[in-house]
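Good morning, and thank you for coming.

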Amino acid sequence: YSSNYAKIENNSSANQTINFPLKWGNVMELRPVSGDLTITSTINNNGYWTDVYGGNGKTLSIASMSGTGGLTIKKNNNNSTTVKITGTSTYTGKTYVDFGTLELQADLSSEEIIVLSGAKLIINGNDVDVQKLTINSGGTVEVLPGKSLTVNGVLTNNGILTLKSDANGTATIKTLGTVTNGNYKVEQYLASQRNW
């Protein structure tokens, strides 16, 4: 709890792990600057925003987050950071991918995921559910081979959404709400033989 924004920052080159529960008392900054940062226990954002600033090629892994606050992956000196959410997260604020990559491996209850120009959302989980998805012009979403995405509400695509495919499987998507026209790419893996 602080009148100033608090931050957890990794300035060492080694991966640092936090394995106890966390609860915010104000806006929190998570910063994997020089090395990766892994939070293996639960985060309660307590209604406050969580901002991620990172170093180039660094990863923040979050087991799960709850609360009514949101999450933003922010641009930090053109450094591209990856945020991985590995467990089901029930926070209900919006999620902004301003820059870098958000990788979902489980369901996310966030009100809406907004992928901005130059940013990417990767779906790397089985049966990942999201509430609402907006892909801005220049933003990309990839559903990895054999993985699936369900959008329960509106899917607005002004960028590119790709369903990937390889020898192990093909990605799938299910939409339960309104879907806008946009650039959708569907890959189909073909074994090494003569195909047309």
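This is a predicted model: local features need pLDDT of at least 70, side-chain atom pairs count only at pLDDT 80 or more; totals for chains, interfaces and linings use all residues.

In what sense do strand 10 and strand 12 pair, and over how many bridges? Strand 10, residues 95–97, and strand 12, residues 113–115, pair in the parallel sense over 3 bridges. Within this pair, Y96 has I114 of strand 12 as its bridge partner. Strands here are DSSP runs of E with at least two residues, and helices are runs of H or I with at least four residues, numbered from the N terminus. Two strands pair if DSSP finds at least two bridges between them.

Residues are numbered from 1 along each chain as its sequence is written, and side-chain values use heavy atoms, with hydrogens and water left out.

The open sheet has 8 strands in the order 1-4-6-8-10-12-15-18, with parallel pairing. Strand 1 (6–10) and strand 18 (155–157) stand at its edges; each has a single partner strand, so one side of each is left without a neighbour in the sheet. From one strand to the next, the twist averages 10°, an angle between N-to-C directions, on a scale from 0 to 180 degrees, of axes fitted to C-alpha atoms.

N46 lies in the loop between strand 5 (37–44) and strand 6 (50–52). Although N46 is not a glycine, its phi is positive, at about 55°. D127, in the loop between strand 13 (120–123) and strand 14 (128–130), likewise is not a glycine and has a positive phi, near 55°. Are these residues buried or exposed? N46 is partly exposed, with a relative accessible area of 31%, and D127 counts as exposed at 55%. Buried means under 20% relative accessible area, exposed over 50%, and partly exposed in between, with a 1.4 Å probe and protein chains only.

Finally, the whole protein. It contains 23 strands and 0 helices. Its radius of gyration, taken over C-alpha atoms, is 17 Å, close to the 16 Å that the globule rule (2.2 Å times the number of residues to the power 0.38) gives for 196 residues, so the protein is as compact as a globular protein of that length. Buried residues make up 45% of the 196.
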